[in-house]
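Come along while I look up a few contacts and surface spots.

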Amino acid sequence: MGRIERITVEPRMALLDALRDELGLTGPKKACDRGECGACTVLIEGRRVLSCMTLAVMHDGQRIGTIEGLEHDARLNAMQEAFIEHDGFQCGFCTSGQIMSAVAMIEEAKAGWPSAATEDVTRPFTLNDLSAAEIRERMSGNLCRCSCYPNIVDAVTEATHRR
Amino acid sequence: MQTFTFSRATDPTTAIAAHAQDPHLAFIAGGTDLIGLMKDHVALPQHVLDINSLPDMSRIRCAYFRDEDDLPCNKRRPGSGCAARDGLNRLHAIFGWSDECVATNPSDLAVALAALDANVIVRGPRGQRSITFTEFHRLPGNTPECDNVLERGDLIISIEVPPRIEGRSSHYLKVRDRQSYEFALVSTAAAVAMDGGRIRSARVAMGGVAHKPWRLTAAEAALRGVSLDDIEALKKAIAISFIDARPLAQNGFKVELGQRVALRALQVAGGRT
């Protein structure tokens, strides 16, 4: 899945700008451009990264995933469907970042990563421990000015347990 | 961003030599601090060296440091003055500040590392050395542009946290204006070794109060033998470390808040034995 792209950019071009302006992938959004809102979240080797705060040249040769790559065979990914079912967006500007972040966040939880909200860090974290409080903490890097947070939490909760 | 050339480091020795020789070269790792500073034209490297593929590391918090209108900031532009000293300083230091700089270190992790006396392993042009964490960050003095003791060419190889007897019972308590995505107004990393209900030894470091994580060394000594139930004795011990607090015009509340946060963190840590 995915395709190899070859572009030539200045060192100072952020990954976000390379994706949007050089590759036409406008799914990731430039909202704050300072790593504070999460709207530009993409996956690099499966890990969530703020694409406005890293240089394109730093990721030469790495697998980069954007929202455009989530659908498969014209079918939406489970997280995308959950966001629609639970009305997890209003204006839609933060949405691609929310979804990319949530997808990676679930992998982090599966891998046993605790968060600042985790009560007991002496035992391994599991997907069953992903409560609403945990989801809110782990998604706290993705801001939504339309305040869809309750519905976003519902969507992420559903997608977690649909696996 | 200003233009710059870019390359990837292949080994620590070459990276260190490059950094030592070129004052306009900056290392980039995660980039979430440096890229922001470059976008704001606060950091202006001419060459960026990516150290992410080397085997086996948030700077300082003061709004004037990043100010686009170039208000006085000795950290950003040495000699220009300190706008926060008599300006907006609610969030700033109550310990260790100078008239040249009243900023605080914003890190959470650094406070914990300071409490546990971690070691920073640094490799430089003249070899490798270990720096005790409490000596890694500097007080501003009259050279606030230097946050830490790293010199040109120095590369942090690793940070080691030795097992401490206090390490098993610890707590980090962070108090901030917002519930999320916010630096500490005041924070405490507390680690204790207990003897029944009494404190055998304690390690207490504060964040949000100084240019470096602030160890409450005097309080730690006074806390030995104190019972966790003896709130007055706990408060008295903590207060000793706050005698030399020097609040600014807008952050006097940090003196009281800091003591309360330290107390609560100690109680939680002690209760975890």
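**Notes on salt bridges and a patch**

Entry 1. I began with A:E108, which forms a salt bridge with A:R48, with 2.8 Å between the closest N and O atoms. This is a predicted model, so I read every value as computed. The pair links distant parts of the chain: A:E108 sits in helix α3 (residues 95–110) of chain A and A:R48 in strand β2 (residues 47–50) of chain A, 60 residues apart. I looked up their cover too: A:E108 is buried because its relative accessible area is 12%, while A:R48 counts as partly exposed at 23%.

Entry 2. Next I turned to chain B and found B:R203 in a salt bridge with B:D117, the closest N and O atoms lying 2.7 Å apart. B:R203 belongs to strand β9 (residues 198–207) of chain B and B:D117 to the loop between α3 (109–115) and β4 (119–124) of chain B, so this pair ties together parts 86 residues apart in sequence. B:R203 counts as buried at 10% relative accessibility, and B:D117 counts as buried at 16%.

Entry 3. I also traced a network: salt bridges that share partners join A:R75, A:E81, A:E85, A:E158 and A:R162. Over all chains, I noted 30 salt bridges in the structure.

Entry 4. A:L76, A:I84 and A:F89 make a nonpolar patch of about 260 Å². I placed A:L76 in the loop between β3 (64–65) and α2 (78–85) of chain A. A:L76 counts as partly exposed because its relative accessibility is 38%.

Conventions: Residues numbered from 1 in each chain as written. Chains lettered and ligands numbered in written order. Predicted model: local features only at pLDDT ≥ 70, side-chain atom pairs only at ≥ 80, totals over all residues. Heavy atoms only, no water. Patch = residues over 30% accessible without salt bridge, like charges linked within 9 Å, V, L, I, M, F, W, Y side chains within 5 Å. Areas by Shrake-Rupley, 256 points an atom, 1.4 Å probe, with all protein chains shown as cover. Salt bridge = Lys/Arg side-chain N within 4 Å of Asp/Glu carboxyl O. Helix = DSSP H or I, 4+ residues; strand = E, 2+ residues; numbered from the N terminus. Buried < 20%, exposed > 50% of the residue type's maximum accessible area, 1.4 Å probe, protein only.
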